[in-house]
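Colleague: Walk me through this one. Keep it brisk.

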Amino acid sequence: MTVPELFPAGLPQAPEAPAFPPTSRYSGLPLLTAELDGRQVRCVSRRFVPPPERFALLREHLVADGERPDTLAAAELGDPERFWLLCDANGVLDPAELTAAVGRRLRITLPEGVPGAADA
């Protein structure tokens with residue numbers, strides 16, 4: 001038997017095990033069960049993107065030619081997979097939009113909810 005035959009809704013996971021790593025944009029969101037084509041599937045609940053003004057500004061970054069969201073996240077945040085934090089801080093849904101315009105000023109911020117010097 002194959003995995004889909006044994007586990008039609010996906011591999012089983014312990015209820016206490018997190019569905020996403022702590023660095024994921026989906027970390028902490030509740031998982032839902034939905035019916036799809038007559039079978040039960042697990043899915044993550046909707047994530048609402050916070051408004052950019054909820055992030056404390058650290059500095060601005062001018063986009064240079066050839067930069068990509070992942071390389072920018074690696075340089076500024078130390079992790080290329082955290083590009084989504086840059087998207088949130090700049091009100092961008094499509095990561096490619098972050099670096100599409102050379103010279104664009106991007107906000108490099110603290111994570112949501114962490115107060116900056118002016119907010120402390």
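**Aromatic pair, core and a helix end**

Modeller: F20 has 27% relative accessibility, so F20 counts as partly exposed; that class lies between buried (under 20% relative accessible area) and exposed (over 50%), with a 1.4 Å probe and protein chains only. This is a predicted model, where local features need pLDDT of at least 70, side-chain atom pairs count only at pLDDT 80 or more, and totals for chains, interfaces and linings use all residues. Residues are numbered from 1 along each chain as its sequence is written, and side-chain values use heavy atoms, without hydrogens and water.

Colleague: What is the geometry of the aromatic pair that F20 and Y26 form?

Modeller: Rings of Phe, Tyr and Trp (its six-membered ring) pair if their centres lie within 6.5 Å. The count comes to one aromatic pair. F20 and Y26 sit 5.6 Å centre to centre, with 50° between the planes. Planes under 30 degrees apart are stacked, over 60 edge-to-face, and the rest are what this pair is: tilted.

Colleague: Is T99 buried or exposed?

Modeller: T99 is found in helix 4, residues 95–99 (helices are DSSP runs of H or I, at least four residues; strands are E, at least two; both are numbered from the N terminus). T99 has 11% relative accessibility, so T99 counts as buried.
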